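Me: I am new to this structure. Please show me how to read it, one feature at a time.

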Amino acid sequence: MKAKFGRSIALVAAGSLLAVATAGIASASPVGGKGSSSTQALAAQVLQMRDDLTKVAYAGDVGATRGDLGQLSPVLADIAAGKRYTIQTDTQQLAGLAKGRADESTRLLADPTAKPRQLPPLPLPPIPDLPGPLKIVSDLLKALLGALTGILGGLLGALPVPPLPLPPLPVPGS
């Protein structure tokens, strides 16, 4: 009798352990994606980088913008390569396009007399123009910020993507 009781407890404990383990795996995979906990960490990193870039770019800080672009470019290259993170193909392709805009922006900020290359347009949500010092790369950075938001959508799956931390727009006539 004691042996049957001991086996029953062991069976219940093993079943509980299995249920907890599979629940952890299920929570690490976003709906509609091929993600994991490392993908969630990547999404948090990309979100932070996007928000930092937005803040310095709209503050008109050219040096900090160039620095943030330099940090962002290798992360976008990793996402586009699809080797380090398991993500959807369309998110990888968007990361490749975003990397092109980041690299072109960095090149133009390093040498403002350089001639910009024509890059194919990306579908963008409306994003206001950047201030004077960054006007030369305004369209590139707006496309990059839109692409980063799209990448976040791919990484987060069914979770909502936080909006861009844009500064308040000036009120006409004030």
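**Reading the helices and their contacts**

Reply: Start with one residue. Gln92 touches Ile79, Ala80, Gly82 and Ile87, leaving out residues up to four places away in sequence. Keep in mind that this model is predicted.

Me: Where does Gln92 lie? Is Gln92 buried or exposed?

Reply: Gln92 lies in helix 4. The cut-off for buried is under 20% relative accessible area. Gln92 has 18% relative accessibility, so Gln92 counts as buried.

Me: Now the whole chain. How many helices and strands does the chain have?

Reply: There are 5 helices and 0 strands. Read from the N terminus, the order is α-α-α-α-α.

Me: What share of the contacts comes from residues 24 or more positions apart?

Reply: Take the contacts with a separation of 6 or more. Residues 24 or more positions apart account for 63% of them.

Me: How do I read a pair of packed helices?

Reply: Two packed helices are described by the angle between their axes and the distance between the axes. Angles over 145 degrees count as roughly antiparallel.

Me: Which residues of helix 3 and helix 4 meet?

Reply: From helix 3 they include Val62, Arg66, Ser73 and Ala80. From helix 4 they include Gln92, Lys99, Asp103 and Leu109. Gln92 is the buried residue we began with.

Me: At what angle do helix 4 and helix 5 pack?

Reply: The angle is about 155 degrees, and the axes are 9 Å apart. That makes helix 4 roughly antiparallel to helix 5. The crossing of helix 4 and helix 5 is left-handed. By class, their contact has 11 nonpolar, 4 polar and 2 charged residues. Among those that meet are Ala98, Arg101 and Glu104 in helix 4 and Ala143, Ala147 and Gly150 in helix 5.

Me: And at what angle do helix 3 and helix 5 cross?

Reply: Helix 3 covers residues 62-81 and helix 5 covers residues 138-156. Their axes come within 13 Å and cross at roughly 40 degrees. That makes helix 3 oblique to helix 5. The crossing of helix 3 and helix 5 is left-handed.

Me: Which residues meet between helix 3 and helix 5?

Reply: Helix 3 brings Thr65, Leu69, Leu72, Leu76 and Ile79. Helix 5 brings Leu141, Leu144, Leu148 and Ile151. By class, that is 8 nonpolar, 1 polar and no charged residues.

Me: Let us end on a loop. Where is Leu134 found, and is Leu134 buried or exposed?

Reply: Leu134 is in the loop between helix 4 (89-110) and helix 5. Its relative accessible area is 0%, so Leu134 is buried.

Me: Which residues is Leu134 in contact with?

Reply: Set aside its neighbours within four places in sequence. Leu134 is then in contact with Ala57, Gly60, Val62, Thr65 and Leu109. Leu134 and Tyr58 are 76 residues apart along the chain, yet their C-alpha atoms are separated by 8.5 Å.

How values were computed: Residues are numbered from 1 along each chain as its sequence is written. This is a predicted model: local features need pLDDT of at least 70, side-chain atom pairs count only at pLDDT 80 or more; totals for chains, interfaces and linings use all residues. Side-chain values use heavy atoms; hydrogens and water are left out. Helices (H or I, at least four residues) and strands (E, at least two) are DSSP runs, numbered from the N terminus. Contact means heavy atoms within 4.5 Å. Axes are lines fitted to C-alpha atoms, for helices over the stretch in contact, and angles run from 0 to 180 degrees between N-to-C directions. Angles under 35 degrees count as roughly parallel, over 145 as roughly antiparallel, 65 to 115 as roughly perpendicular and the rest as oblique. A crossing is left-handed if the near helix is turned anticlockwise from the far one by less than a right angle, and right-handed if clockwise. Ala, Val, Leu, Ile, Met, Phe, Trp, Tyr, Cys and Pro count as nonpolar, Asp, Glu, Lys and Arg as charged, and the others, Gly among them, as polar. Buried means under 20% relative accessible area, exposed over 50%, partly exposed in between (1.4 Å probe, protein chains only).
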